Amino acid sequence: MPLLEIRNLVVRYGEIEALRGVTIAVEQGQVVTLLGANGAGKSTTLRAISGLAKPASGDIMFDGQSIAGLGPEAIVRLGISHVPEGRRVFPGLTVKENIMLGASNRKVGASQISREADAMFDLFPDIRAFSNALGWTLSGGQLQMVAVARGLMAKPRLLLLDEPSLGLAPVIVQAVFRIISQIRKDTTVLLVEQNARMGLSVADHGFVLETGRIVLGGKPDELWGNEAIAAAYLGGHAKSHA
Amino acid sequence: MDLVLQLLFTGIGIGAVYALVALGFVLIFRATNVVNFAQGEFSMVAAYLMVVCVELGLPYWLSFVIALAGMALLGVIFNLGVYYPLRHRTYLPVIIATIGASILLSNSVLAIYGPQPQVLQGWFETPGIQLGPVYLDSQYLLIIGVTILLVLFNFWFFEKTLLGKKLQATSQDKEMASLLGISVSTMIMITFIYSAVLGGLAGILVAPVLFVSIQMGSTIALKAFAATIIGGFGDVAGAIVGGLALGVIETFGAAYISVPYKDGFAFLVLIAFLVFRPQGIFGERVAEKA
């Protein structure tokens, strides 16, 4: 049984059908990457899983239990942590406080959370020095590290990562993806990326979304071999992304 | 010089009341993005609760506890009845609902208690103490003391506790807070209870100095609102500094310029700030966007 199974998921924003019957499965221990252009429905898929967007029809099963229609607070308590687009680090709180609040889905004391947050800096040494800096003073790469660290504090069984490479310098993107390949040892990851090269480099499985539908799925090698993907995502095409 | 010290003491005393109400404004504004126009009525209702309890012959401290408990309950009812049903709407319907609630509260008290202003005794038997050239009124001493304690408590609560951090997180980004498992509706409930108690405390403390009347809420709230703008809208330290500054300014204005224009000075200062420094004393210390 897959850890996460989405069947025929439809999500509407008013009149607009953002997802038109998406079906994907994520096996325990995998990294699965969701590729697609802007507006294809990648973020909407993650928002539906974490409870921010309400499914119009279809089902979302997590560990054999339907979570479609539950609120975000309930879903993160089940063990799905969503690191959303734009990092969303609390600007008026410090780095450490941001990371500590990531444990809000678990019943643990403040001193325990503080120790866990300190331990998190071992995985993210680049932000250790900024522990007491306010969120709004950080750079994009630092914000991404804080966002991922905060997401991991939930001790998730499934981590949803939305465009971790967006707007970052190539060297920072590589640092972020090094962290993802470390995280995967303990956590299942569903990753959304426009950067197909990076996204597939860490993946066990990939899906391609186009205007609210899954048009392709397979192992990274198979997707690389597909000419449509190569054309759409690896250059020479209007949709290509550096 | 003696007069200056005396006026400073009185000004800080009345300013502390504005500061408490302003703090209530700011906390609700930060949590919900809405200005609660019934914040002043919280003060008025608490003062009447106090008058009722004291008239029933209850001890002063017990009346005080009952009045504050009543305000906590009012905070719950206010949140569930006014804010919660409209929480997914824009700020406008919510603001109008708070204006409606303010009219409902003041007219309910009017219907029950009539239009005559009431008198509430101060907490202490001794009216005050003479300290050198300055006469320290005991009620003003109480107001200042309670305000200092509350400012310290407020700092500790928001800066040193995890719950305080969750409240801050909720006020900065509700959707992200909910993704982390923070119960946004609980955080907002706590904010309303806390703000209602703060407003109530201000009303109870100031009641022996002013008369207890239906209008006392709107007078205090207007000054407190001006204080939040002077301090920097949405800023906690700004609300406190703005409140104290306003109390001192209007006291000095009344003493040296004109007593009938006492209330006018607060708004003159407000207009001056709106023209020359609309971001207030503390401005925008946290950038709008990360």
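Helices (H or I, at least four residues) and strands (E, at least two) are DSSP runs, numbered from the N terminus. This is a predicted model, in which local features need pLDDT of at least 70 and side-chain atom pairs count only at pLDDT 80 or more, while totals for chains, interfaces and linings use all residues. Residues are numbered from 1 along each chain as its sequence is written, and chains are lettered from A and ligands numbered from 1 in the order in which they are written.

S7(A) belongs to an open sheet of six strands with mixed pairing, in the order S6-S7-S8-S3-S9-S10. Strand S6 (80-83) and strand S10 (213-218) of chain A sit at the edges with a single partner strand each, so one side of each has no neighbour in the sheet. From one strand to the next, the twist averages 15 degrees. Two strands pair if DSSP finds at least two bridges between them. S6(A) and S7(A) (residues 158-162) run parallel, joined by four bridges. Among the partners, A:Val83 goes with A:Leu161 and A:Ser81 with A:Leu159. Towards S8(A), S7(A) again pairs in the parallel sense, over five bridges, and here A:Leu161 stands opposite A:Leu191.

Helix H5 (residues 140-152) of chain A packs against S6 and S7, its direction making about 170 degrees with that of S6(A). Such angles run from 0 to 180 degrees between N-to-C directions, with axes as lines fitted to C-alpha atoms, for helices over the stretch in contact. Contact means that the C-beta atoms of two residues, placed from the backbone, lie within 7 Å. The other helix, H1(A), touches S3, S6, S7, S8 and S9 of chain A and makes about 145 degrees with S7(A).

H1(A) (residues 42-50) also lies across S1, S2 and S4 of chain A, running at about 70 degrees to S2(A). Those strands are part of an open antiparallel sheet of four, ordered S2-S1-S4-S5. Its edges are S2 (16-26) and S5 (65-66), each with a single partner strand, so one side of each is left without a neighbour in the sheet. S4(A) (residues 57-62) and S5(A) are joined by two bridges, and A:Phe62 stands opposite A:Gln65.

As for the two chains, 24 residues of chain A are in contact with 18 residues of chain B. H2(A) gives the most to the side of chain A that touches chain B, with four residues.

In the largest nonpolar core, B:Val17 and B:Ala47 touch the most other members out of 153 residues. Such a core is a set of buried Ala, Val, Leu, Ile, Met, Phe, Trp, Tyr and Cys residues joined through C-beta atoms within 7 Å.

Confidence is given as pLDDT, the predictor's confidence in each residue, from 0 to 100. Chain A has a mean pLDDT of 90, and 94% of its residues reach 70 or more.

How values were computed. A residue is buried if 20 or more other C-beta atoms lie within 10 Å of its own, exposed if 12 or fewer, and partly exposed in between; C-beta atoms are placed from the backbone.
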